[in-house]
Amino acid sequence: MNQDELKRAAAHAALDCIDDDIIVGVGTGSTVNHFIDALAGRRERIRGAVSSSEASSARLAAHGIAVLDLNGIDELPVYVDGADEIDGGFAMIKGGGGALTREKIVAAVAHRFICICDASKRVATLGNYPLPVEVIPMARAHVARELARLGGQPRLREGFVTDNGNLILDVHGLEIRDPVGLEGELNQIVGVVTNGLFARRGADLLLLAAESGVQRLAPAQ
Ligand code: 5RP
């Protein structure tokens, strides 16, 4: 199987975690696109979806799945999303698609975060994948200097504006030994909207697709 087929397998496995008559939190990216397409087959059985990006909202709507406002709901049982890297404790780097802020908001509301990945995303230590940081445009240079002070090499994602009208700095060269600590530290830099470390609220279940099948994994304690 190629990588896209593995992403599809992980996405289809997530359907088993979707109860009838619930609202589903939906992430962003190529793995999630497979999940949205699969979810379309049971759209009559769910109440709708809360989306983490304009791209996912458009895909959900094209399938006839109602896209609901997060502010209008009391409860979100489950959020399904991919990751760029995930470690043994299920801390993640996310934001390769630039949707990290809305992803983190929807994940914060959800009772359960189900991460769907192909096996290449599983790592021992986070940081080989550049860490995305969403910044307010006027703070770009200030935030870049602060990120360099922390040992990273920030690079502006050229020609990219987030759904929230902001910029992304991709931070190279970080070896992230303390994801929870670094997530908090980056949040303290003035001008940072969100960073792509999902460690304080990591995944609760990982559906990891490999040639041998899709594994259902719980985080190491
Ligand atoms: C988007 C994300 C995605 O979940 C992450 O980039 C993985 O994407 P893909 O499923 O295309 O490999 O965080 O902001």
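Mentor: Start with the lining: around the largest cavity it has 2 nonpolar, 4 polar and 3 charged residues. Ala, Val, Leu, Ile, Met, Phe, Trp, Tyr, Cys and Pro count as nonpolar, Asp, Glu, Lys and Arg as charged, and the others, Gly among them, as polar. The model is predicted: local features need pLDDT of at least 70, side-chain atom pairs pLDDT 80 or more, while totals for chains, interfaces and linings use all residues. Numbering starts from 1 along each chain as its sequence is written, and side-chain values use heavy atoms, without hydrogens and water.

Trainee: How many cavities of 30 Å³ or more does the structure hold?

Mentor: Rolling a probe the size of a water molecule over the atoms shows where empty space is left. A cavity is a set of points on a 1 Å grid over the protein atoms alone where a 1.4 Å probe fits but cannot get out; lining residues have an atom within 4 Å of a point. Volume is the space filled by probe spheres on the points, joined across faces, edges and corners. Here there is 1 such cavity, with about 30 Å³ of space.

Trainee: Which residues line the largest cavity?

Mentor: They are S52, G98, A99, L100, T101, R102, E134, D163 and N164. Helix α4 (residues 100-109) gives the most, 3 residues; helices are DSSP runs of H or I, at least four residues, numbered from the N terminus.

Definitions and conventions:
1 Å grid on protein atoms, 1.4 Å probe; cavity = no way out; pocket = protein on both sides within 12 Å on 5 of 7 lines; lining within 4 Å. Helix = DSSP H or I, 4+ residues; strand = E, 2+ residues; numbered from the N terminus.
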